[in-house]
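Subject: Structure for your review

Dear colleague,

Please find below the sequence and the structure that I am handing over to you. My findings follow directly after it.

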Amino acid sequence: MSSPSAVRAPDPHRATRRSPRVRWRLAPWWAKVTAVYLAARVLTTLMVLEVATRQGPNSWTDAAPDYLSFANTWDARWYQIIWIAGYPNELPIGDDGHIGENAWAFLPVYPMLTGLLTWLGLPWNAASVAVAVLAGLGAALVLHRLMSRFLEPDRAIFAVVLFAIAPVSPIMQFGYAESLGFLWIALALLLLVDRRYGWLVPVVAAWAFTRPGALAFALTLALHFCWRWWHRADDPFPLRTQLAVIGLGLFTAAVGFAWPLIVWAVTGVPDGYTATELAWRAGYIGHQELVPFTAWFQGGVWWANWIGMPAWFGIGAVVLLVVAFGAVLFLPAVRRLGVDLRFWLASYALYLLAVFFPQSSTFRIVSPLFPIVGALAVPRARWYRWSIVLLFIALQYAWIALVWRIDAYDWSPP
């Protein structure tokens with residue numbers, strides 16, 4: 001039997017010798033999210049640099065460009081044009097008599113933030129990437145808080161992993177406004193779930209002038225109101241709160257329509273904004289009027305013909321896609337995310353079905369559906385988690401190599 005003097009004293013440095021797994025478990029949530037996000041960005045950077053070595057000379061860069069130059073191609077240059085020259089007072093008219101591509105298709109918050117950084121001495125290419133990366137980190141942090149409302153800690157952090165390595169996640173470190181849009185979406189959904197309606201006003205206002213989608217959120221608010229009113233017996237929904245939600249919905253719809261009205265006021269063209277947006281699809285189907293809920297079917301026909309299939313094949317594919325997405329919203333894993341997130345998924349999908357023409361930008365344009373990663377994070381089997389991580393990384397590389405890299409064959413900007 002050992003004497004009291006033989007008993008080992010507590011080691012004050014024991015915590016420093018904890019295994020990495022233990023240290024990970026004990027780390028605060030924000031440190032975990034930050035580590036996941038930054039690790040994902042390093043991985044993406046390596047893939048981007050590898051693809052850049054195979055990039056030939058093009059309208060934006062020389063052959064084998066450096067990272068910042070490669071990250072500021074395609075539509076990224078429109079944001080720089082906006083900061084330098086602003087928006088045109090007159091819309092450009094092509095030889096065919098139709099409005100052509102122009103800066104009014106891009107909203108002002110992102111170029112303004114990037115431009116402010118250039119005043120501090122950062123070159124535009126570096127500032128645009130910095131804003132995108134920081135906004136993406138903010139989105140990841142808010143997404144974790146949002147997922148924590150519905151999922152256990154390990155599932156919430158895995159949802160962030162999937163968000164950070166998603167196939168189009170490289171856009172969060174390119175000169176695009178998407179990651180800033182992700183931040184507003186995540187904030188708006190978190191505030192809606194927590195029913196902090198007043199704070200939604202500035203968030204929605206910033207969102208409406210960063211990326212399109214505020215009109216879809218107005219529909220989400222309408223569905224939220226109907227749900228709360230229908231369940232008011234079990235979940236009190238006093239008149240004052242009803243009026244607050246109605247007012248918020250009207251405000252969201254108003255700012256959602258604000259940009260087209262601004263374009264009209266400045267250019268004098270009532271449909272200036274929609275005509276500008278339609279210019280990007282003219283290369284596929286020519287100049288046509290915007291008829292809601294037809295573009296996906298037009299796109300289905302175009303893509304079916306492109307791969308040598310009859311028109312009915314493309315139309316049928318769109319119908320099957322719509323039905324499949326509707327069914328996904330009722331899967332048990334998706335239902336775990338609560339009604340408000342499902343309302344958003346349905347609203348944004350309906351918004352895209354109404355106005356968007358599917359082309360190479362589709363992968364990026366559907367990315368505001370990112371809260372669906374919460375459902376993908378539900379299974380805990382190791383084989384499943386490793387499989388989906390490897391799949392996402394492979395698809396991410398494919399997106400960089402096939403869509404972002406500028407090839408001799410231009411199948412439209414991503």
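Arginine 405 has a relative accessibility of 19% and therefore counts as buried, since the cut-off for that class is under 20%. Please bear in mind throughout that this is a predicted model. The side chain of arginine 405 meets that of aspartate 407 in a salt bridge, with 3.9 Å from N to O.

Salt bridges

Side chains of opposite charge can pair when their charged atoms come close. How many salt bridges does a search of the whole structure find? The search gives 12. Some of them share partners, and in this way Glu152, Asp154, Arg155, Arg336, Arg380 and Arg385 are joined into one network.

In one, arginine 211 and glutamate 178 form a salt bridge whose closest N and O atoms are 3.1 Å apart. Arginine 211 belongs to the loop between α9 (197-208) and α10 (214-230), while glutamate 178 is in helix α8 (residues 178-193), so this pair ties together parts that are 33 residues apart in sequence. Both arginine 211 and glutamate 178 are buried.

In the other pair, arginine 54 forms a salt bridge with glutamate 50, and the closest N and O atoms are 3.2 Å apart. Arginine 54 counts as partly exposed because its relative accessibility is 38%, a value that falls between the 20% limit for buried and the 50% limit for exposed. Glutamate 50 is also partly exposed, with a relative accessible area of 33%.

Pocket and cavities

Rolling a probe the size of a water molecule over the atoms shows where empty space is left. The largest pocket contains about 1,500 Å³ of space. Its lining consists of 49 residues, and those nearest the centre of the pocket are Trp296, Leu321, Thr362, Val366 and Leu369. Two or more lining residues are given by each of α14 (295-306), α15 (311-328), α17 (338-355), α18 (362-365), α19 (373-376) and α20 (382-404). Which element gives the largest share of this lining? That element is α15, with 10 residues. By type, the pocket lining divides into 40 nonpolar residues, 9 polar residues and no charged ones.

There are also 2 cavities of 30 Å³ or more in the structure. The largest cavity has a volume of about 40 Å³. Around the largest cavity stand Arg281, Ile285, Gln288, Glu289, Leu290, Val291, Thr294, Ala295 and Gln298. This lining includes 4 nonpolar, 3 polar and 2 charged residues.

Surface and chain

On the surface, a nonpolar patch is formed by Trp306, Ile307, Met309, Trp312 and Phe313, which together have about 570 Å² of accessible area.

Finally, valine 22 is found in helix α1 (residues 20-26). Valine 22 is partly exposed, with a relative accessible area of 33%. Between valine 22 and proline 379 there are 357 residues of separation along the chain, and their C-alpha atoms are separated by 22 Å.

Yours sincerely

Notes:
Residues are numbered from 1 along each chain as its sequence is written. This is a predicted model: local features need pLDDT of at least 70, side-chain atom pairs count only at pLDDT 80 or more; totals for chains, interfaces and linings use all residues. Side-chain values use heavy atoms; hydrogens and water are left out. On a 1 Å grid over the protein atoms alone, a cavity is a set of points where a 1.4 Å probe fits but cannot get out, and a pocket is an open set with protein on both sides within 12 Å along at least five of seven lines; lining residues have an atom within 4 Å of a point. Grid points are joined across faces, edges and corners, and a volume is the space filled by probe spheres set on the points. Helices (H or I, at least four residues) and strands (E, at least two) are DSSP runs, numbered from the N terminus. Ala, Val, Leu, Ile, Met, Phe, Trp, Tyr, Cys and Pro count as nonpolar, Asp, Glu, Lys and Arg as charged, and the others, Gly among them, as polar. Patches are made of residues with over 30% relative accessible area and no salt bridge: like charges are joined within 9 Å, nonpolar side chains (Val, Leu, Ile, Met, Phe, Trp, Tyr) within 5 Å. Accessible areas come from the Shrake-Rupley method with a 1.4 Å probe; for residues, only the protein chains shown count as cover. A salt bridge is a side-chain nitrogen of Lys or Arg within 4 Å of a carboxyl oxygen of Asp or Glu. Buried means under 20% relative accessible area, exposed over 50%, partly exposed in between (1.4 Å probe, protein chains only).
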